[in-house]
Amino acid sequence: MKDIVQDSGHPVVLEALGMTKQYGGQLALKDVTFRVRGGAVNVLIGENGAGKSTLMRLLAGIEKATSGHILMDGLPLDFRSPRDAATAGIAIVHQELAVLGNLDIAENIFAGRELVRAGMFVDRDAEEQRSGVALKSIGMPMEPRAMEFPTENLSLGCRQLVELARSLAHKARILILDEPTSALSTTEAEVLFRVIEELKSRGVAIIYISHRLHELMYLGDYFTVLRDGRVVGEGMRGSVDRAWIVERMSGRAVDATIARHVPAATEAVLQVAGLSARQSGRPAVHDVSFSVCKGEVVGIYGLLGSGRTELLEALAGLRQPDAGVVTVRGKQMLLQSVTDAIRAGITLTPEDRQRDGLVPDLSILENISLAALAGFSHYGLLSRGDETAAVKQVAAQMQISATDLDLPVTTLSGGNQQKVVLARCLMSRPVVLLLDEPTRGVDVRAKADIYRALRALAVNGLSILFTSSEIEETRLLADRVLAMARGSIVAEFPAGELTDEALFAAASPPLEFGA
Amino acid sequence: MRKMNWADVVVLLLKLRAVLVLLALLIMFSLLTPSFLTANNLSILAKHVAISALLAVGMTFVVLAGGIDLSVGSVAGLSGMVAGGLFTIGLHGHPVGTLTAVVVALLVSCTVGLLNGTMITRLGVAPFIATLGTLYIARGTALLLSHGATFPNLAGTAAHPTPGFISIGQSFLLGIPTPVWMIAVIAALAALVARRTPFGRHVYAIGGNERAARLSGIRVEQVKILTYVFSSLCAGLVGLIVAAQLEAAHPATGETFELNAIAAVVLGGTSLMGGRGSISGSLIGACVIGVLADGLVMMGVSEFWQIVIKGVVIVLAVTVDQLQMRVHARLMPALLRSRSSQEKVST
């Protein structure tokens, strides 16, 4: 099967030819040829570990290829540092945003390349003026005064736009976007898509990496699929569909359907009444009431800033609520600390597993058993045998693929790391499992594993409450969906009555920018 | 027996680097100075090492949990002065028994640790600042107790007997000095706690990722406070040992001890960022510093050069530590391959 990419008027601006990269004894890239076309979105797809990030690090000058070379406009390039790549007009917006939170917008845009006058003083006026132009060109007009806010006060979506503005202010011709929407709500993502269209029309070449297929289908002009460090498929808009992508990515057709069961109408395990909570002084959750039955999977669909994360944090004992009563199996819960919540049977899988989930210095095994150590101690000493046996059982249940559970948790792929965090939550034997974006930055196959595992747990009587900003995920996983906007639950849909349009409309308040 | 490939060997050698350095130092000094390997010198050496090792063991838990304790030297000074004051002045003019003096001195020490821990966890003061504060507070209090003077004659006089006190620092058991026994027992217990108890695992988890630890239901504040209390307890014990050895309590005892303790911890491979390291590493670190100091004295190296050499060794050790992490990361693929091939063989 040969995939043919024809010439369609977009000039090739960058060619990476025969790129090979070796780490220690392992080949991360094998003879990969990748052409980037100007004025178009060049999509790069592959599961975690397929070599996408490695290829991007080579293009951005962060690492050097073992062999192969890069041509720009037909001329060979030799990058010694990211600075060389930036000078050549290649900019990268990282998956984990590289915004300096303590600096303001203008300082961020010119970080490392400050405009100076008299040879030594920062030219603040010129920086603000040029920042303003760059921000305006991506549809994010800012008052000059707003540029003095530290960027840590901005929403994630805004911070990402600041990074984009930084690339533009430095006249990037090739823009690499690595999972740009993984932290964005649908509305914020739409702003990003408009910006991408605008950049395309100006001839900028965009390299776009994402796991979200609907986005890729919507945005992509050219498609390159990587698997195990090799190019396994190339195509262009019109000749590519979802089945084509999924098949090449995984090497087999992935079955995304999940066995469903209809939970019997049983007593409510979790009851929330009149819950309100704040986020840095401002109301974030307002008078929320709902309940979850035994074995039921309830999805909260809401955009960033809808209060979904704050709601879960309040239930998990991380955030003191202002008002409200939470009962678990008929017993009123103290919402004082995480330890109280875990004791009552509620545990949370956080949204950001790097920041809130994993302990990088501990092994896979030690990460999984962390919340349940008391159960493995005899006379105060841990029993390694009991611990290993229990962890092995949960690891098998979650289908964690690891050669050795004693290896550092950092040797695992993103999908397996997420399974580790989930396994830890299960080890504390929860009655209600809270999941904040359960599959963020996880590849398609691990996603399907996680869905299947969660479904199996629900069949066995576990109540699950999860949030998601992906409509598809919400539809696939939930028995019942609550739409959340501006801190309140604004609509409720049983699984059968859910339509994408109705859910999206209910959860979408007008777009707001700024702090 | 597991077959090792070259990557395993490199990793093992790097892991054992502190032990190798210690062995190299021991061999070098015994060759260069004939009196180094005598029972008398080794006994003196062991006593010195015991003191910095005791402080280092306490410090290790604090550093593993992501903190630092600068107050240990001052706490050692304060502890000795409290015991000396109780023997010399007594409580309300009444003489005080040895056990009471020792217990009160250790309780005062623990109080400083409690203060450190509380300031850091409840009030959010940075560990460096909080313990810098108590470094001055404890030292000042030690000076105030005697208006800067020394409490002499702690071997006991007819008016102020101190039965058994000096044996804390001076006695021998089976030919080995008591302080060495103390550190052996405390270090063994500490290693057991670090490796085999939920508390130990919690300490590593907090140092590795405090937010994740909290979300796992670990009582982060409680664990951190306990690490500071234990560090102060070790420091208090050191103060008593020094006072018993000198048969006097000086208010200046323990100045810069905290730096030696931190140096030993770092030499032993414990990361100042927390989450990585071991008790055994700190013990070896303390031995390296002790052997180096003792050996250089025996060789007649000038005191000023000794200070310079100590600094160089510390910086070198941390540089090697960084290098080791990079090498380890680079060897990971090879290590993984050797492990998975092992598994295929075993199944």
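## Basis of the model

Residues are numbered from 1 along each chain as its sequence is written, and chains are lettered from A and ligands numbered from 1 in the order in which they are written. Because this is a predicted model, local features need pLDDT of at least 70 and side-chain atom pairs count only at pLDDT 80 or more, whereas totals for chains, interfaces and linings use all residues.

## Domains of chain A

Chain A is divided into domain 1 (9–89 + 173–253), domain 2 (104–170), domain 3 (268–345 + 430–509) and domain 4 (353–429), with bounds that come from an automatic or database domain assignment. Taken over C-alpha atoms, the centres of domain 2 and domain 4 of chain A are separated by 43 Å.

## The six-stranded sheet

In chain A, six strands form an open sheet of mixed pairing, in the order S6-S9-S10-S3-S11-S12; helices (H or I, at least four residues) and strands (E, at least two) are DSSP runs numbered from the N terminus, and two strands pair if DSSP finds at least two bridges between them. The edge strands, each pairing on one side only, are S6 and S12 (230–236) of chain A, and the twist averages 20 degrees from one strand to the next.

Strand S6 (residues 90–93) of chain A pairs with strand S9 (residues 174–178) of chain A in the parallel sense over four bridges, with A:Ile92 partnered by A:Ile176 and A:Val93 by A:Leu177. From S6(A), A:Ile90 and A:Ile92 point one way and A:Ala91 and A:Val93 the other, and all are buried; a residue counts as buried if 20 or more other C-beta atoms, placed from the backbone, lie within 10 Å of its own, as exposed if 12 or fewer do, and as partly exposed in between.

Helix H1 (residues 52–59) of chain A lies across S3, S6, S9, S10 and S11 of chain A and runs at about 150 degrees to S9(A); axes are lines fitted to C-alpha atoms, for helices over the stretch in contact, and angles run from 0 to 180 degrees between N-to-C directions. Helix H5 (residues 156–169) of chain A also packs on the sheet, touching S6 and S9 of chain A, and its direction makes about 175 degrees with that of S6(A).

## The four-stranded sheet

A further open sheet in chain A has four strands in the order S14-S13-S16-S17, with antiparallel pairing, and its edge strands are S14 (282–293) and S17 (331–332). Five bridges join S13 (residues 268–279) to S16 (residues 323–328) of chain A, and A:Ala273 has A:Val325 as its bridge partner in S16(A).

## Nonpolar core

A nonpolar core is a set of buried Ala, Val, Leu, Ile, Met, Phe, Trp, Tyr and Cys residues joined through C-beta atoms within 7 Å. Among the 176 residues of the largest core, B:Leu54 and B:Leu55 touch the most other members, while helix H11 (residues 220–246) of chain B provides the largest share, 17 residues.

## A loop residue of chain B

B:Gly90 is found in the loop between helix H4 (72–88) and helix H5 (98–122) of chain B, and is partly exposed because 13 other C-beta atoms lie within 10 Å.

Conventions:
Contact = placed C-beta atoms within 7 Å.
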